[in-house]
Amino acid sequence: MSEAISWEAPQWLNKTYLEDVLKKYLQDDTVRLQGMELKPATAKGENYASVMTRIKVSYKTAGDSKIQTMPMIMKCSYENDPFVANIMNGYDVYNTEMKMYEQVLPKIAKILKQSGDNEKIFATTYKVDYERCSIIFEDLAATNYGLADRLKGLDKEHTLVVLKKLAKFHAATAVLNERMGGALESFQRGLFNRHTRGLGCMFEYFTETCANFAKTCPDLGVYYYDKLMKLQPHVVEYGIKATSKWNEADFYTLCHGDLWINNMLMQYRNFKSSQQKLENLLFVDFQFSNWSSPAVDLYYFFNTSLEPELQLDVHFLAEMVQYYHSILSDMLKKLKYSGHVPTLHELCVQLEERKFLALITTLTNQAVATVDECDDADFHCLVDDTDRAKKFRLDCYRNKRHQNIIKQILPYFDRCGLLDVQ
C-alpha cells in the first residue's frame, strides 16, 4: 500500500470532454477542439491530497477562423489509489471543494464586487464535474502566477497581503452564511473533525517523531520527550476541541482549512527580475474548508508559511493579528453583517483558547511544508507506518530550519501549558 503515487491523466480526459467544457464555458456550440496537451501540474511534495493536471487546448469557433489557446488546470481525486481515496472520502474533500468552487466562491466574489471591492481572491472555475470528482479552472501560471519558496517562507510584505485577502474571505463568508440561512455551517470536515480521524495518525506519528528529536537534542532533552510522548495519544482530541464550536459568543466563519504557502499563488511585477514586486496573490485548494474559528486559518498560516524569524517573533504575530482584525472588522461592517463584530480583545481571547492549533501545526504540518526535496514525499508517507514513511518523517526532522524552530518554540509552547495533558 505504500508505493509512490505517480501522475496519470484520467482516460476520460479527452478531446471530446474538453471540447464540451469549452462550449459550455464560452457559451458557443461552434467550438471545435484542434489539439490538447496534458502534463502533471505539481511535483512531489507540492500536493498531497489530489492529482493535478495541466491542460493546454487549442480551438476554433465559427466566428473566428484563428486558432486560439486556453490553459487550464484540472484537479481530481486519487481514483487509482483506493487507500488514499478511502481516507480522503472520509473528509469528503472532493465534494467540499466542488461545492466551494461551484456554489460558494462565485457568491463570495459577487458579495465583494457588490460592495465595490473588485479584488480577486481565487481562480475562475471552468467546470465542476461531480460524477468524476474533478474541477477545471484557469491555469494561473499562464498569467505569471507561481509558488513562493516554501523552504524560505513569506516576508512581511507577503504576509500582509495574505491576511488582507483572508480577512475579506472570512468576512464575506460570514455574511454569505447569514444570507443562506446558516448553510455554510454544514462544512464540518476540516483536518480536525468529529466525523473521521483518517488523518489522525499523521499528527500522532509526527508528535512522536518530534519527541524522538527532542530526546537527542542537547537544547531540549528527555524532559520534552516525556511530555510529548504523554501528549501524543491526546493530540487528535485536543485538535478537534480547538476547532469545534463550543463557545456561542465566538466569531465563526468559513475557514480555508489548509492555508499554507503552497495553497497560494503569487503574481509578480518583473517576474524574472531580482527587482520583482508582489502584484497579487490568490488562494487555491479548498478541500478542507470548514465552519470554525478564524484561529484555524491564522495558526495554520503563521506556523507553516512565514520566514522563521517572523514565526518566532510574538510581537510581529500580535501586529499581524491586529492588522487582520482591522480588515475583518471593516469588511463585516461594510457588508452589513448583522451578527456581533468581534473586538480585537475578543479575537485575541479566541486565539488564546485555541492555541493548541499552533502547537500541532508546528509539529506536523510545518515539518512537512519545509522538508527538503524528497523522492518519497507523497501521501503515504504521512499516514503509513512503514519503514519508508518513518524515514520520510525522520527526514522532516533532519531539516535544520525546522530543527531550529522546534528548539526555540517548544519551550514557549511549554510555558503556555500546551504540552501538558489536560
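Visitor: How far apart do the C-alpha centres of domain 1 and domain 2 lie?
Guide: In this predicted model, the two centres are separated by 30 Å. Domain 1 covers 1-76, while domain 2 is made of two pieces, 90-122 and 146-416.

Visitor: Let us turn to helix α15. How do you know what span to expect of α15?
Guide: The expected span is 1.5 Å times one less than the number of residues. Helix α15, residues 400-415, has 16 residues, and the expectation is 22 Å. From the first C-alpha to the last, α15 reaches 24 Å, which is close to that figure.

Visitor: Where in α15 does a kink lie?
Guide: At I409, shortly before the proline P411, with a bend of about 30 degrees. That angle is taken between axes fitted to the seven residues ending at a residue and the seven starting there.

Visitor: What is found at the two ends of α15?
Guide: At its start, a side-chain oxygen of N399 comes within 2.9 Å of the backbone nitrogen of R401. The cut-off for a polar contact is 3.5 Å, so this pair counts as one. After the helix comes G417, with a positive phi near 80 degrees.

Visitor: Which residues of α15 are buried, and what covers them?
Guide: The buried ones are R401, H402, Q403, I405, I406, I409, L410, P411, F413 and D414. Their cover includes α5 (200-216), α6 (222-231), α9 (308-311), α12 (356-369) and α14 (387-396).

Visitor: And in α6, which residues are buried, and what covers them?
Guide: Y224, Y225, K227, L228 and L231 are buried in α6. What lies over them includes α5, α7 (235-243), α12 and, in return, α15.

Visitor: Why is T96 called buried?
Guide: The cut-off is under 20% relative accessible area. T96 has 7%, so it is buried. This threonine sits in helix α3, residues 93-114. Beyond residues up to four places away in sequence, T96 touches Y91, F187, F286, Q287 and S289.

Visitor: What makes T196 count as buried?
Guide: Its relative accessibility is 16%, and that is under the 20% limit, so T196 is buried as well. T196 belongs to the loop between α4 (156-179) and α5. Setting aside neighbours within four places in sequence, T196 is in contact with G90 and Y91. The C-alpha atoms of T196 and M88 are 9.8 Å apart, although 108 residues separate them along the chain.

Visitor: How do you know that the side chain of T196 makes a polar contact with G198?
Guide: The side chain of T196 lies 3.2 Å from the backbone nitrogen of G198. The limit is 3.5 Å, so the pair qualifies.

Visitor: What makes the phi of C133 and of N144 worth a look?
Guide: Most residues other than glycine have a negative phi. C133 has a positive phi near 50 degrees, and N144 has one of about 65 degrees. C133 is placed in the loop between β4 (125-129) and β5 (134-138), whereas N144 is in the loop between β5 and β6 (145-146).

Visitor: Why are C133, N144 and T143 called partly exposed?
Guide: Partly exposed covers the range between the 20% limit for buried and the 50% limit for exposed. C133, at 25%, falls in that range, as does N144 at 40%. T143, at 41%, is partly exposed too. T143 lies in the loop between β5 and β6, and its C-alpha atom is 14 Å from that of M264, 121 residues away along the chain.

Visitor: How do you know that β6 and β8 are paired?
Guide: Pairing needs at least two bridges. Strands β6 and β8 (264-269) have two, in the antiparallel sense, so they pair. G146 has M266 of β8 as its bridge partner.

Visitor: What makes β8 and β9 a pair?
Guide: Six bridges join these antiparallel strands, and the requirement is at least two. Y268 stands opposite L278 in β9.

Visitor: Why are β6 and β9 called edge strands?
Guide: The open antiparallel sheet has three strands in the order β6-β8-β9. β6 and β9 (277-283) each have a single partner strand, so one side of each has no neighbour in the sheet. Even so, five of the seven residues of β9 are buried, so β9 is largely enclosed by the rest of the structure.

Key:
Residues numbered from 1 in each chain as written. Predicted model: local features only at pLDDT ≥ 70, side-chain atom pairs only at ≥ 80, totals over all residues. Heavy atoms only, no water. Helix = DSSP H or I, 4+ residues; strand = E, 2+ residues; numbered from the N terminus. Buried < 20%, exposed > 50% of the residue type's maximum accessible area, 1.4 Å probe, protein only. Contact = heavy atoms within 4.5 Å. Polar contact = N/O pair within 3.5 Å; in protein donor to acceptor, adjacent residues only side chain to side chain. Domains from an automatic or database assignment.
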